[in-house]
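Subject: Model handover

Hello,

The model is shown below, and my notes on it follow.

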Amino acid sequence: MSSLPQAPGGQGPTNSAAQQPDGALPQARPESFATRLRDSALSSNTLWIFLALVAIIVVFSILKPSAFLSSYDIKTIFINAAVALILSVGMTFVIITAGIDLSVGSILVMSGVIAVKVMIAVAGGASASGNAGWGPILVGIVAGLGVGLGWGVINGVIISMLRVPPLIVTLGTFGIALGLSDVLTGGVDIGGVPTKFSSAVGSGSVGPIPTMVLIAAVVTIAAGLLLHTTRFGRYTYAIGSNDEAARRAGINVNLHLIKVYALSGLLSGLGGLLSLAYFTTTTISGHETDNLTAISAVVIGGTSLFGGVGAMFGTVIGVFIPVVLASGLVIVGLQSFWQEVMIGAILIAAVYFDQVRRRARSRP
Amino acid sequence: MVNAEGVAPIIEARGIIKGYGHVQALQSADFTAYPGEVVALIGDNGAGKSTLTKIISGVIKPDAGELLFEGRPVEMSSPLAAQKLGIETVFQDLALAPDLDGAANVYLGREMLKAGLLGKLGVLDKQGMKTAATGAFVDLGVAIRDASASVVNLSGGQRQGVAVARAASWATKVIIMDEPTAALGVVQTENVLNVIRRVRDRGLTVVLISHNMPDVLKVADRIEVLRLGRRVATFAVKDASIELLVGAMTGALDQERAA
């Protein structure tokens, strides 16, 4: 009986196996080659999406160079993308665990409502809050983030410990958070956002970079590092890939899922604060489709709805494609509604390619 | 109960009873494994192999009976409790995360972190894990060229190799392997048997659950036979033959009742 390591696959043992200088096995070679091909195809999925974004930018730049590439428009594109990017970053973690979070837009709304109400209350009334100092503002910020975090924890606990499917749980909390926001406000948007807050965060800049964009960039980079380099990220992929394997490996799957949904909730709360600062009012009725925007961005960016696969860079591109399309269509004089048509088609194509990829690599 | 050489068992199960509803899967089953041996646990379908395996690997709890590890009674309340004792299990479904690479699977739940502040922040030492996992694959003769290839892209035999390397990297006392060759071809099976020998040669105890008797006779030192939820026979491999094993599995032979 040979004690040589043999590559499985049905080929007989060969004597040359022992003579490979690096211990490489001839039988293993086609295997690894195919593996590498497939792995590079996987990563190039993100590359294709990136090239698509570049192509869109090039087309619009050629059609209307003066308008499209003006620094004003680039700034607008980035500001428009900031809140969507922050929601999509949280959604990336959730979808990699094979979950979904439909509640992001409602959590965003409720965080904004609570934040401004707290700012007004601490400042001593609606008339005083416009000129409120940083004290009331900070209390409001903490309250807004706390609301987001709290909803995220609620989502995570119900999903992981009560084992209710994420689609249903977050559809439920989507309705509850929005309904409560309406109850709290009587359905009428609240102004009275302190000027200091809106001018520093909403319309302010750090050097040439709008504060909103800076915050979104820092959050995205930090979340990307968290996802791709840390144990937290590794567990996120492992749970999405095979939650039973993760459990048997000693990972506290329930606790990790709670953390992931809490992160998504917290980022929704942050989105609510940015939105509040930017519009200087709550925007109760403007976020019903934020969840779909975030989910499409994540999926277009190459993250698999079935879990275990995805990348933060892809999500960034997935956020910018619709925003750039919308800006570009308006600039070239088309109705911006066409953006929704195109995004719908791109979304279906992205999921189709993910399916093809999964079928190609799953073999007995 | 010491064996002929005066060695005490590393794992001993005594009078294990486990029922599911009206089905008595184990009816006062016994099982013994000695240090450094390959002991095969065989039996026909429904004999209680899986249930007994799950009990000694901590996946399920028995209704009654005693489990001893190195002579001391132990509560095996979870796979983690078993792991703490140095017992690792290669489950039949392998329990791998297919989208992660081989190295990540070997270290799943026990990741290597970078030194210093980065490590405290939870930053993984991916290179360190890759190097160590590659070493584990080479040591066991598992033919995986690239430890950073996703497990989903590996063949059945290679996946088995990852799962065994994972168990062998962490087990300090015992590896339990549940039907490791059931889904494999001839060459791959031979590889797995070689891996089992290598693990045993490191001084670990291997509990091999199988109903492939030729495989068992090739690799085991000792064989215990379950029938209808009870141990009915134990053989040193030199005294065993397929006829004897079949006799024990089907009820023609019952050492323990006779004794």
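A patch is made of residues with over 30% relative accessible area and no salt bridge, with like charges joined within 9 Å and nonpolar side chains (Val, Leu, Ile, Met, Phe, Trp, Tyr) within 5 Å. A salt bridge is a side-chain nitrogen of Lys or Arg within 4 Å of a carboxyl oxygen of Asp or Glu. Areas are Shrake-Rupley values with a 1.4 Å probe, and for residues only the protein chains shown count as cover.

The model is predicted: local features need pLDDT of at least 70, side-chain atom pairs count only at pLDDT 80 or more, and totals for chains, interfaces and linings use all residues. Residues are numbered from 1 along each chain as its sequence is written, chains are lettered from A and ligands numbered from 1 in the order written, and side-chain values use heavy atoms, without hydrogens and water.

Chain A: L47(A), W48(A), F50(A), L51(A), V54(A), V58(A), I62(A) and F313(A) form a nonpolar surface patch of about 790 Å² accessible area together. Seven of these residues, the largest share, come from helix α1 (residues 28–63) of chain A. Helices (H or I, at least four residues) and strands (E, at least two) are DSSP runs, numbered from the N terminus.

Chain B: six strands form an open, mixed sheet in the order β6-β7-β8-β3-β9-β10. The edge strands, β6 (87–90) and β10 (230–236) of chain B, each pair on one side only; pairing requires at least two DSSP bridges. β6(B) pairs with β7 (residues 174–178) of chain B in the parallel sense over four bridges, and V90(B) stands opposite M177(B) in β7(B).

Regards
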